[in-house]
Amino acid sequence: MSGNFVQRGDIAVMNKLDRAKLAVKSGADLVIEIPVPYCLAPAEIYAKGAVYLLSAMGVADEISFGSECGDVEKLEKALEISEKAVKNNLSDIHELMEKGYTYPRALTSIVMRYSEEAGETILQPNNILAIEYMKALKKYAPDMGIFTVKRKSVPHDGGFSDDGFASASYIREQLKTGFDTIENYTTPLWSSAVRTASENGELADITRLERIILYKLRTVSPEEISDICDISAGMDKRIYNARMSGSLDELEFTVKSKNYTMSRIRRALLNILIGIKKDDIKILPPYIRILASNERGIDILSEMKRKSVLPYNTSLAKLAEISPDAERFTQLEARASDIYGLGLYKIQSAQKDYRSKFVIDLD
């Protein structure tokens, strides 16, 4: 599970331990955390981190993920063709990007030359992430089984449907105005939890980080921006030139261009704020952090003692002692959580990630 910041380039609505607890109460046996450098990275890097961790645990024989097409063979074909397209047409892709195309749009245009079906497949955001999972599986877990769940009714970043489905984006927007609507599209357990979090001032909103994001940008050098994860040549200059913006919206739209999606811009801004550098995502996750478990999950942890190729723990402080890379990752995680605490209606104290307790649900 992503921690307190998510790959869409946003702050998590509820803190990671509460969400991990809800996951266990909803049927998960064990919840582990994807480190924040991987959460705030492009789909390829995010998928690499998730698959590597799942493989390193040594106890998983199948991976499941969502997709718009719901067809593993179709996704495998799209992966094969897209890899061929990149290998044979890299200069064409770069040329399209110079004309203002985003990378996904440029890649799709090239893939369409090979197969219209494959091109249409990689147009869909969940399919894109699914293909990245499969690409990572080829490298880190080639024998792991694959199962995909078809996304129904509502597209990514869409609204809601009459048959009880709504997109995460729609639910996030509704949380700003109330809870009556979202109860139609979520479980009673989740609706009750989010209502309680709201009453306690514990729902997060990225707009509450506006001032510290603007402050951070006004105090960093062009060289520091260039060294940040997911910021390319050209994008660094646009961000630096936008540093005197008077609001988060103004900042984002000043940086915005045909080349950069809004999600990527927000990830870049959050990476600057947290201090996640390009070198950080060159490091494979150096540990497995456990967030929550039920009784069956405890059995899985016992099995991991024999099979895991990575050290694991619930304590951030103990994980920091493993290696210099682990120390770096725990520092970033703690910093991200400190910043997350400023995004809540009721500001939390610092260093909470070091004091947080592993959730065990034995109900």
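Good morning. With 363 residues, a compact globule would have a radius of gyration near 21 Å, and this chain agrees because its value is 20 Å. That radius is taken over C-alpha atoms, and the globule rule is 2.2 Å times the number of residues to the power 0.38.

The structure is a predicted model, in which local features need pLDDT of at least 70, side-chain atom pairs count only at pLDDT 80 or more, and totals for chains, interfaces and linings use all residues. Residues are numbered from 1 along each chain as its sequence is written, and side-chain values use heavy atoms, with hydrogens and water left out.

Let me begin with the chain as a whole. Its C-alpha atoms fill a box of roughly 55 × 50 × 50 Å along the principal axes. The secondary structure comprises 19 helices and eight strands; these are DSSP runs, H or I of at least four residues for helices and E of at least two for strands, numbered from the N terminus.

How much of the chain is buried? Buried residues make up 49% of the 363 residues, where buried means under 20% relative accessible area, exposed over 50%, and partly exposed in between, with a 1.4 Å probe and protein chains only. The chain exposes about 18000 Å², and carbon and sulfur atoms supply 49% of that area. Among contacts with a separation of 6 or more, 70% join residues 24 or more positions apart; a contact means heavy atoms within 4.5 Å.

The largest nonpolar core has 93 residues, and Phe5, Ile239, Leu251 and Ile274 touch the most other members. Helix α3, residues 43–57, gives the largest share of this core, ten residues. Apart from it lies another core of ten residues, including Leu22, Ile171, Leu175 and Leu203. By a nonpolar core I mean a set of buried Ala, Val, Leu, Ile, Met, Phe, Trp, Tyr and Cys residues joined through side-chain atoms within 4.5 Å.

Which residues does Phe5 contact, leaving aside its neighbours within four places in sequence? Among them are Asp10, Cys39, Leu209, Leu270, Ile274, Ala336 and Tyr340.

Ile213 has its place in helix α11, residues 210–218, and is buried because its relative accessible area is 2%. Not counting residues up to four places away in sequence, Ile213 touches Leu248, Leu251, Leu269 and Leu273. The C-alpha atoms of Ile213 and Pro37, which are 176 residues apart along the chain, are separated by 18 Å.

Ser337 is found in helix α18, residues 324–342, and is buried, with a relative accessible area of 11%. Its contacts, leaving aside neighbours within four places in sequence, are Asn4, Lys16 and Asp353.

Glu250 belongs to helix α14, residues 248–255. Is Glu250 buried or partly exposed? Glu250 counts as partly exposed because its relative accessibility is 41%.

Finally, I draw your attention to two loop residues. Asp230 has a positive phi, near 70 degrees, although Asp230 is a residue other than glycine. Its place is in the loop between α12 (222–226) and α13 (235–241), and Asp230 is buried at 12% relative accessible area. Gln351, also not a glycine, has a positive phi of about 60 degrees. Gln351 lies in the loop between α18 and α19 (352–355) and, at 38% relative accessibility, counts as partly exposed. Thank you for your attention.

Technical notes. Accessible areas come from the Shrake-Rupley method with a 1.4 Å probe; for residues, only the protein chains shown count as cover.
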